[in-house]
Every structure is written in structure tokens, then in C-alpha cells.
Amino acid sequence: MCTVVHHAEDARILHRQIRALLAAGHEVTYIAPFSASGAAPWPELTGVDVPRARGRRRLRALRHVRRALSRHARDADVLLLHDPELLLLLPFIRRRPPTVWDVHEDTAAALSGKAWLPGFLAALLRRPVRWAERLAERRLRLLLAEEGYRPRFRIEHPIVPNTTHVPAQSPPPPGADRVVYVGHLSTARGADDLLALAAALVPHGIRTDLVGGADPKLGERLRAAQRDGVLRWHGYQSNDAALALVEGALAGLSLLHDEPNYRHSVPTKIIEYMARGVPVVTTPLPAARAIVERDECGIVVPFGDPSAVLAAVLRLRDDPDLRRTFGTAGHRAARLRYHWPDQAKLFVAQLQEWSGVPAETSPGPHQS
């Protein structure tokens with residue numbers, strides 16, 4: 001398992017996929033930026049530390065990860081990659097096992113959201129990125145995180161949705177004095193709207209908790225807002241700690257903008273809010289709107305309209321029955337449709353199939 005871009009404690013990679021492989025009795029070597037993430041490998045796995053690729057500083061990290069892959073991939077039954085950048089290294093990795101690319105974003109569409117990438121360069125790169133995806137499709141196995149990613153590819157690929165672990169018991173009821181956002185903070189993900197909302201909520205006695213890392217240009221603004229008592233920015237938290245902060249909130253916020261990369265995907269944060277019995281307030285991205293309206297678990301607000309978000313939050317605060325109804329309905333729907341252990345079985349079985357080494361006949365654990 002390898003990433004050079006994501007936090008070493010990324011929820012999908014570590015808390016879902018790796019945890020599922022370990023639970024199934026497999027050995028896992030995890031190549032990831034542990035030091036740069038301030039994280040340590042779990043004792044149950046073999047951790048390999050590499051630098052983290054950030055912004056335009058990527059060559060050093062890619063050189064380190066190429067060496068790590070050359071050393072460790074040869075002994076594995078399957079190699080699972082999480083970053084499109086890593087596809088560039090594959091021609092230099094000899095004796096690698098069946099290789100899987102976990103596709104969990106629209107790579108070409110996501111270019112416009114990279115703050116470090118000039119707009120003209122993002123536009124120029126879209127076509128080569130699409131070509132690279134088709135080349136990868138011919139030479140690798142692909143796992144897709146979203147049904148909406150299917151049209152980008154010419155053949156069918158397995159889908160492993162980005163769901164979450166949903167407690168069997170009902171979570172605590174939503175409270176009345178705190179809203180929460182979980183996820184990376186960027187302009188495209190609604191950071192400006194969250195800052196404006198937090199300031200507007202202060203006179204109403206409602207606190208805003210932001211949980212996640214942030215683009216560099218936003219960091220000082222968030223720290224200043226925290227110093228002024230406008231909000232609490234918790235920074236990056238492990239998945240378990242982040243979800244603990246969600247419980248008991250008045251509302252979970254998902255204020256993503258109408259960006260191409262978001263139009264075909266379900267914001268995982270929505271599922272996480274539902275799983276913890278918290279009403280959702282979301283912008284009208286197609287998948288987000290469909291979930292919230294079908295499962296009757298929250299309120300849809302316009303893009304880029306903090307005043308509409310404020311009105312939705314105050315409506316929930318003033319109507320305890322409504323927020324409890326939304327919270328209960330969301331938890332019930334999440335348990336039924338988005339419980340990760342249901343997906344984990346399919347994920348592990350698919351990797352076992354691609355490895356070519358049937359689990360039931362092997363003498364011991366396999367390595368990923």
C-alpha cells in the first residue's frame with residue numbers, strides 16, 4: 001500500500017482498507033509520509049517512511065518512494081497505489097506484483113482545485129491526464145470510489161465506495177450550541193463560507209468546530225479567527241478522533257463549491273455526519289442533494305451563501321424535534337447503506353482475487 005500525497009492516517013487508506021486487510025489476516029507494508037504527518041505506523045503493519053509530496057515540491061518525495069517501492073513491492077502479492085503521481089514511477093519498478101490504482105477523485109477535474117498549480121497549466125494538463133488514465137486502465141487493475149467515475153473509463157471496474165463505520169447503537173442526540181466541519185479546508189471546499197458563518201454564529205452562542213488540515217494560504221486566517229474566539233480549528237485529527245468531535249453537534253457542514261471534481265462524488269463527510277446521528281447542512285451537489293433529500297436527514301442550501309447556512313443552522317437550533325428526526329433518520333440510513341464493513345469484505349475479496357493467491361489455500365498471511 002503506498003501514498004506520497006495523503007496524510008499517513010488517511011481514513012480511507014488506513015482506517016478502512018488497511019484495517020480490513022489486517023482483520024482478514026494479511027500482512028501489510030504501508031509506504032507513507034509518517035514523519036511529515038506526525039504519525040507512527042501501527043505495530044500490526046510494516047511502515048516505510050517517505051517524504052510527503054506537497055505543492056510543487058514533489059520530485060524529492062517521488063525519488064524516495066521509487067526506492068521504497070523497488071525494495072518492498074517485489075515481495076508483495078499485490079501493490080495498491082493511492083496517488084495518480086505514483087503511476088509515473090511504475091515503469092521504473094521491476095518485478096512488481098499485480099498493481100491496483102485506487103481511484104478516489106476525478107484527477108483531471110481536480111487540477112482546477114490545486115492552489116499551487118497555475119490556472120493555465122491546469123487547463124493544459126487535463127488532456128494528458130485523461131490519456132494517462134486510459135493507459136493506466138489498460139495496464140493496471142482499477143478500484144473506483146464512486147459510481148460517478150465509471151464514464152471516465154472504457155470498461156467496468158469494481159467500486160469500493162468511500163463509506164464509514166456506522167455504530168449499531170443510536171449515537172447521542174444532536175445538541176444545540178455547536179456546528180462541525182470535517183475534512184480538508186480549502187476555498188473550493190467552502191473555507192470562506194465557513195469563516196463567514198462562524199463569525200455570524202458567535203452572537204447566537206453557537207460555536208464552530210473545524211476539523212482538518214488546510215491549504216497554506218488559509219492557515220493564518222484560521223489561526224487568527226481562533227485567536228479572536230470566532231471558531232475552534234482542531235487541525236488534522238485521526239479518523240476516530242474526528243468522528244468523536246462530530247457526535248452531539250447541532251449540524252454537520254458540507255459547503256463544497258460547484259467544482260467539476262465534486263459533481264460526481266458523495267462527500268464522505270456527509271456519510272460520517274449521518275453515521276453519528278448529526279443533521280446535515282449541504283450545498284446542492286447532485287449526490288449530496290440526492291442523499292439528504294431521499295433519507296430526509298438534513299437541509300440543502302445554495303452554493304456560496306453563508307446567510308442561507310446561518311438560517312438553516314438557526315432553524316435546527318430552534319426546532320429540537322426536527323434535528324432529532326434528521327439525526328435518527330441519517331443514522332438509520334447510514335447503517336443500512338453506508339456501513340464500511342459491508343464494503344470491506346468486497347474490497348478484501350477483490351484484492352485476493354487479483355493477487356492470484358487464494359486466501360483459503362495459502363500457508364500463511366499475504367502481503368500487500
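**Packing in the predicted model**

Thr208 touches Val179, Ala198, Leu201, Leu231 and Arg232, leaving aside residues up to four places away in sequence; contact here means heavy atoms within 4.5 Å. This is a predicted model, in which local features need pLDDT of at least 70 and side-chain atom pairs count only at pLDDT 80 or more, while totals for chains, interfaces and linings use all residues. Residues are numbered from 1 along each chain as its sequence is written, and side-chain values use heavy atoms, with hydrogens and water left out. Thr208 sits in strand β7 (residues 207–211); strands (E, at least two residues) and helices (H or I, at least four) are DSSP runs numbered from the N terminus. With a relative accessible area of 0%, Thr208 is buried, where buried means under 20% relative accessible area, exposed over 50% and partly exposed in between (1.4 Å probe, protein chains only).

Val179 is also among the residues touched by Leu253. Beyond residues up to four places away in sequence, Leu253 touches Val179, Val180, Tyr181, Leu194, Leu197, Lys269, Tyr273, Val281, Val309 and Val313. In the largest nonpolar core, which has 58 residues, Leu253 and Met274 touch the most other members. Helix α11 (residues 306–318) gives the most to this core, with seven residues. Apart from it lies another core, of 29 residues, among them Leu79, Leu87, Ile93 and Val103. A nonpolar core is a set of buried Ala, Val, Leu, Ile, Met, Phe, Trp, Tyr and Cys residues joined through side-chain atoms within 4.5 Å. In soluble globular proteins, nonpolar side chains tend to be buried together.

Turning to helix α9, eight of its eight residues are buried, so this helix is largely enclosed by the rest of the structure. The buried residues of α9 include Lys269 and Glu272 as well as Ile270 and Tyr273. Just after α9, Gly277 takes a positive phi of about 70°. The axes of α9 (residues 268–275) and α12 (residues 320–337) come within 7 Å and cross at roughly 115°; axes are lines fitted to C-alpha atoms, for helices over the stretch in contact, and angles run from 0 to 180 degrees between N-to-C directions. That makes α9 roughly perpendicular to α12, given that 65 to 115 degrees counts as roughly perpendicular, under 35 as roughly parallel, over 145 as roughly antiparallel and the rest as oblique. Ile271, Met274 and Ala275 of α9 meet Gly330, His331, Ala333 and Ala334 of α12. These contact residues divide into five nonpolar, two polar and no charged; Ala, Val, Leu, Ile, Met, Phe, Trp, Tyr, Cys and Pro count as nonpolar, Asp, Glu, Lys and Arg as charged, and the others, Gly among them, as polar.

Helix α12 also packs against α11, at an angle of about 100° with the axes 5 Å apart. The two helices are therefore roughly perpendicular to each other. Arg315, Leu316, Arg317 and Asp318 of α11 make the contact with Pro320, Leu322, Arg323 and Phe326 of α12. Here the division is four nonpolar, no polar and four charged.

Finally, a search of the whole structure finds two aromatic pairs. Rings of Phe, Tyr and Trp (its six-membered ring) pair if their centres lie within 6.5 Å, and planes under 30 degrees apart count as stacked, over 60 as edge-to-face and the rest as tilted. Tyr30 and Phe34 form an edge-to-face pair, 5.4 Å centre to centre with 85° between the planes, and both residues are buried. Trp340 and Phe347 form a tilted pair, 6.3 Å centre to centre with 50° between the planes. Trp340 is buried at a relative accessible area of 6%, and Phe347 is buried at 0%.
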